[in-house]
Amino acid sequence: MVPSGSEEDLHQLMDQRKRKRMESNRESARRSRMRKQKRLDDLMAQVTQLANDNNQILTSITFTTQHYMNMEAENSVLRAQMMELSQRLDSLNEILHFLNNGAYETQGFETSDESFNQPIMASAQDMMFGY
């Protein structure tokens, strides 16, 4: 049996709709792949930016930590110097008390300017991180 004209037209119409649907599906798949690729590119750019931010933060932490350690060392030296100066002050006060009470006359106590001008001995090398 030979298909009639209307059957042939119907068959062509169905083929045409099938081709349109296939083309539409291809286009939809292409757009989906493009959206997926764009999302992947955006995520990769975000990873790069976050890695850069992380490196900057690590550099800042390293700098801050070094600065903190330097300040701690300096504070340790200053504490040691303060203790040494406090001891010297106590000694000088004892000498003044001794001199003001007239005991130097009976004890033969001698003073010289050199004994009061000793340098402060604490240094960063001696006191690194110690209290």
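**Charged pairs and overall build**

Reader: To begin, is E23 buried or exposed, or does E23 lie in between?

Author: E23 is partly exposed, with a relative accessible area of 46%; that class lies between buried, under 20%, and exposed, over 50%, for a 1.4 Å probe and protein chains only.

Reader: Before I use that value, what are the ground rules?

Author: The model is predicted, so local features need pLDDT of at least 70 and side-chain atom pairs need pLDDT 80 or more, while totals for chains, interfaces and linings use all residues. Residues are numbered from 1 along each chain as its sequence is written, and side-chain values use heavy atoms, without hydrogens or water.

Reader: Understood. With which side chain does E23 meet in a salt bridge?

Author: The partner of E23 is R26, at 3.6 Å from N to O. A salt bridge here is a side-chain nitrogen of Lys or Arg within 4 Å of a carboxyl oxygen of Asp or Glu. R26 is partly exposed as well, at 49% relative accessibility.

Reader: Where do R26 and E23 lie in the fold?

Author: Both belong to helix α1, which covers residues 5-100, and they stand 3 residues apart, about one turn of the helix. Helices are DSSP runs of H or I with at least four residues, strands are runs of E with at least two, and the numbering starts at the N terminus.

Reader: How many salt bridges are there by this rule?

Author: The count is 4. Another pair joins E27 to R30, whose closest N and O atoms are 2.3 Å apart.

Reader: Which side chain does K38 meet in a salt bridge?

Author: K38 meets D42, with 3.0 Å from N to O. K38 and D42 are 4 residues apart in helix α1, so about one helical turn separates them. D42 is partly exposed, because its relative accessibility is 38%.

Reader: Which residues do salt bridges with shared partners join into one network?

Author: That network consists of E27, R30 and R31.

Reader: In general terms, why can such side chains pair?

Author: Side chains of opposite charge can pair when their charged atoms come close.

Reader: Changing topic: how many helices and strands does the chain have?

Author: The chain comes to 4 helices and 0 strands, and its elements run α-α-α-α from the N terminus on.

Reader: What share of the residues counts as buried?

Author: Of the 131 residues in the chain, 5% count as buried. The chain exposes about 11,700 Å², with carbon and sulfur atoms supplying 56% of that area; such areas are computed by the Shrake-Rupley method with a 1.4 Å probe, and for residues only the protein chains shown count as cover.

Reader: Lastly, what share of the contacts with a separation of 6 or more comes from residues 24 or more positions apart?

Author: Such residues account for 81% of those contacts in the chain, where contact means heavy atoms within 4.5 Å.
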